[in-house]
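Q: I would like to learn how to read a model of protein chains and DNA strands. Please take me through the features one by one.

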Number of protein chains: 2
Amino acid sequence: MKYTRHPEALKKFGERLRELRKAKGWSQEELANRADIELSQISRIERGVINTSLSQVFVIAEALGMEPRELFTF
Amino acid sequence: MKYTRHPEALKKFGERLRELRKAKGWSQEELANRADIELSQISRIERGVINTSLSQVFVIAEALGMEPRELFTF
DNA sequence: CATAAAATAGGCAAATTTGCCTAAATTAAG
DNA sequence: CTTAATTTAGGCAAATTTGCCTATTTTATG
């Protein structure tokens, strides 16, 4: 079986990210700039339509000033 | 800039995974079967040579019987 | 309502991942 | 030491991701 996908988990992860970003009062663009990731990619991640990579998770956590682990608390 | 990579973080993540897998006394093959992921892919992840996807992290955590968050505790 | 800001959508090309396979190398065990 | 078990390595094709771009939709604001 190719390309494992976990839609529900990706959705939850995206919602968690959105929550944390908004808690900072940031727009997707602001987060995108800080993490040096494309705005459209942030949107895709938050909507859970993409199976993001670990590295992007790391740089996003860094941009948010928190531990990666906190993005998985849901 | 294309394809963000965080080699150090990927390395740490891989080491953490190996640690947790061995704590269970499992071979890579055993984990691979349980998570329904290729053996060679488990090897790549543990060595930190690949920028794995979120979904694989989720299914691996599931196979290990733990929360994804625990894989990021290092 | 009107305007601006923010988020979503979709297409495209290049880069990367992933499963599948075989072979080699390392480690564990008898 | 020998053999088996485990892990690493590498190539390949197909699938997916990602950045880049433009347009559209939704949400916020005056």
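This is a predicted model: local features need pLDDT of at least 70, side-chain atom pairs count only at pLDDT 80 or more; totals for chains, interfaces and linings use all residues.

Q: How many residues of chain A are in contact with chain B?
A: Two residues are in contact if their C-beta atoms, placed from the backbone, lie within 7 Å. Here 22 residues of chain A are in contact with 22 residues of chain B. Helices α1 (7-23) and α4 (54-64) of chain A each bring at least two residues to the side that touches chain B; helices are DSSP runs of H or I with at least four residues, numbered from the N terminus. The most comes from α4(A), with six residues.

Q: How does the side of chain A that touches chain B divide by class?
A: Ala, Val, Leu, Ile, Met, Phe, Trp, Tyr, Cys and Pro count as nonpolar, Asp, Glu, Lys and Arg as charged, and the others, Gly among them, as polar. That side of chain A has 11 nonpolar, eight polar and three charged residues.

Q: What rotation superposes chain A on chain B?
A: Copies are superposed by least squares on the C-alpha atoms of residues with pLDDT of at least 70 in both. A rotation of 180° with 0.0 Å of shift along its axis places chain A on chain B, with an RMSD of 0.0 Å. The two copies are thus related as by a two-fold rotation axis. The copies meet through the same surface, because 100% of the interface residues of chain A are also interface residues in chain B.

Q: Which residues come nearest to DNA strand D?
A: A residue is near a strand if its C-beta atom, placed from the backbone, lies within 6 Å of it. There are 23 residues around DNA strand D, and Gln41(A), Asn51(A), Ser53(A), Ser27(B) and Gln28(B) come nearest. At least two residues of this surface come from each of α3 (39-47) of chain A, α2 (28-35) of chain B and α3 (39-47) of chain B. The most is given by α3(B), with five residues. By class, the surface near DNA strand D has six nonpolar, 11 polar and six charged residues.

Q: Which residues come nearest to DNA strand C?
A: Of the 22 residues around DNA strand C, the nearest are Ser27(A), Gln28(A), Gln41(B), Asn51(B) and Ser53(B). Two or more residues each come from α2 and α3 of chain A and from α3 of chain B. For DNA strand C, α3(A) gives the most, with five residues. The classes here are five nonpolar, 11 polar and six charged.

Q: At what angle do α2(A) and α3(A) pack?
A: Axes are lines fitted to C-alpha atoms, for helices over the stretch in contact, and angles run from 0 to 180 degrees between N-to-C directions. Helix α2(A) packs against α3(A) at about 115°, with their axes 8 Å apart. That makes α2(A) roughly perpendicular to α3(A); angles of 65 to 115 degrees count as roughly perpendicular, under 35 as roughly parallel, over 145 as roughly antiparallel and the rest as oblique. On the α2(A) side the contact is made by Gln28(A), Glu29(A), Leu31(A) and Ala32(A), and on the α3(A) side by Leu39(A), Ile42(A) and Ser43(A). These residues divide into four nonpolar, two polar and one charged.

Q: At what angle do α1(B) and α3(B) pack?
A: They pack at an angle of about 120°, with their axes 6 Å apart. That makes α1(B) oblique to α3(B). Gly14(B), Leu17(B) and Arg18(B) of α1(B) meet Ile45(B), Glu46(B) and Arg47(B) of α3(B).

Definitions and conventions. Residues are numbered from 1 along each chain as its sequence is written. Chains are lettered from A and ligands numbered from 1 in the order in which they are written.
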